[in-house]
2 protein chains.
Amino acid sequence: MDQRVSLVTLAVADVAAARAFYERLGWVAHAWSNPQIAFFQTGCMVVALYGAAALAADTGMEAPRPGGITLAINVPTRDGVAAGLEEVVAAGATLLKPATDMPWGGTTGYFADPDGHPWEISWLPEPALAVDGSLILP
Amino acid sequence: MDQRVSLVTLAVADVAAARAFYERLGWVAHAWSNPQIAFFQTGCMVVALYGAAALAADTGMEAPRPGGITLAINVPTRDGVAAGLEEVVAAGATLLKPATDMPWGGTTGYFADPDGHPWEISWLPEPALAVDGSLILP
């Protein structure tokens, strides 16, 4: 299996409501989106929002609870962590952890989207974030 | 918040065991990896394997159950779905759903990694998979 991820799908209670949250962050849904699923191109891969019941039917897994997978977005400045958390909370997210300086030198904070999926906003002291937004480890 | 994902972190019971599973698939861990966390460069972003207790402490979320987020890897041929599922099961994954032709024209199947995180192996009839493995929607 190639070392990559093509698509990350988030189970959501209501596709339209979930899509609206990400659109409030400035994300633009792809033309393939429809009432059953929303697609967002995110660099080399794609994020999808898909009904929880439909996803459970596809995987055969019952009653997941969020938190076993976190998504992170890295920002280019330390101050960007707190600013990003403020922005997402204003758009309807729940703050899980404010911007915190970590022992390894970075700064991170966490929020949950309206379906409870945890996201981290992270700043790394190493210059790992490329101009196009890719995170490339040195 | 920019429209991208920098890092996907999977909560695992045992970082060494989880890392060994992905290494059996041919993935190569980055030099930043250590006994507490393993990093894999995946195109424009990074996959991390991190202890479930440590991740719960970071997010403040308790007792997640897998299934609320699925990861997908797209393959360039329809036959690649069944072949990929066979490969991951041989490496210790659990088959959730065999390769299935879908009403929308593609073929997909699902497996769970040893920590229960669901992955989809997917083939799309549209030529969305770039030569470098990126999934770029047309």
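A: Gladly! One thing to keep in mind from the start is that this is a predicted model. Let's begin where two strands from separate chains meet: β1(A) pairs with β4(B), residues 69–74, in the antiparallel sense, over 4 bridges. To find the spot, look for A:Leu10, whose bridge partner in β4(B) is B:Ile69.

Q: How many residues does each chain bring to the contact between A and B?

A: As general background, interface size is often quoted as the accessible area lost when the parts come together. Here we can count residues: 57 come from chain A and 57 from chain B. On the chain A side, the elements giving two or more residues are β1 (7–12), β2 (37–42), β3 (45–51), α2 (52–59), β4 (69–74), α3 (79–90) and β5 (94–101). The largest share, 6 residues, comes from β4(A).

Q: What is the make-up of that side of chain A, in terms of nonpolar, polar and charged residues?

A: The side of chain A that touches chain B divides into 33 nonpolar, 18 polar and 6 charged residues.

Q: Which domains does chain A have?

A: The domain assignment gives domain 1 (1–64) and domain 2 (66–138). Taken over C-alpha atoms, the centres of these two domains of chain A are 19 Å apart. Where they touch, 10 residues of domain 1 are in contact with 10 residues of domain 2. On the domain 1 side, β1 and α1 (15–24) of chain A each give two or more residues, and α1(A) provides the largest share, 4 residues. That side divides into 8 nonpolar, 1 polar and 1 charged.

Q: Where should I look for the nonpolar core, and which residues have the most contacts inside it?

A: The general idea first: in soluble globular proteins, nonpolar side chains tend to be buried together. In this model the largest nonpolar core has 76 residues, and A:Val8 and B:Val8 have the most contacts inside it.

Q: Is A:Phe40 buried or exposed?

A: The way to tell is to count C-beta atoms within 10 Å, where 20 or more means buried. A:Phe40 has 22 such neighbours, so A:Phe40 counts as buried. A:Phe40 sits in strand β2 of chain A. Apart from residues up to four places away in sequence, A:Phe40 touches A:Tyr22, A:Trp27, A:Ala29, A:His30, A:Val46, A:Val47 and B:Gln3.

Q: And what about B:Leu25 and B:Ala130: where do they lie?

A: B:Leu25 lies in the loop between α1 (15–24) and β2 (37–42) of chain B, and with 18 C-beta neighbours inside 10 Å it counts as partly exposed. B:Leu25 and B:Val88 are 63 residues apart in sequence, while their C-alpha atoms are 6.8 Å apart in space. With residues up to four places away left out, B:Leu25 touches A:Met1, B:Val88 and B:Ala91. B:Ala130 is in the segment after β7 (118–123) of chain B and is exposed, with 11 other C-beta atoms within 10 Å.

Q: Last one: which strands form hairpins, and what should I look at in them?

A: Look at the strand pairing, then at the turn. β2(A) and β3(A) pair in the antiparallel sense over 6 bridges, with A:Thr42 bridging to A:Met45. Their hairpin has 2 residues between the strands, and A:Gly43 in the turn has a positive phi of about 60°. In chain B, 5 bridges join the antiparallel strands β5 (residues 94–101) and β6 (residues 107–112); one bridge partner pair is B:Lys97 and B:Tyr110. That hairpin has 5 residues between the strands, and B:Gly105 takes a positive phi near 105°.

Technical notes. Residues numbered from 1 in each chain as written. Chains lettered and ligands numbered in written order. Predicted model: local features only at pLDDT ≥ 70, side-chain atom pairs only at ≥ 80, totals over all residues. Contact = placed C-beta atoms within 7 Å. Nonpolar A, V, L, I, M, F, W, Y, C, P; charged D, E, K, R; others polar. Pairing = 2+ DSSP bridges. Domains from an automatic or database assignment. Core = buried A, V, L, I, M, F, W, Y, C linked by C-beta atoms within 7 Å. Buried ≥ 20, exposed ≤ 12 C-beta atoms within 10 Å, placed from the backbone.
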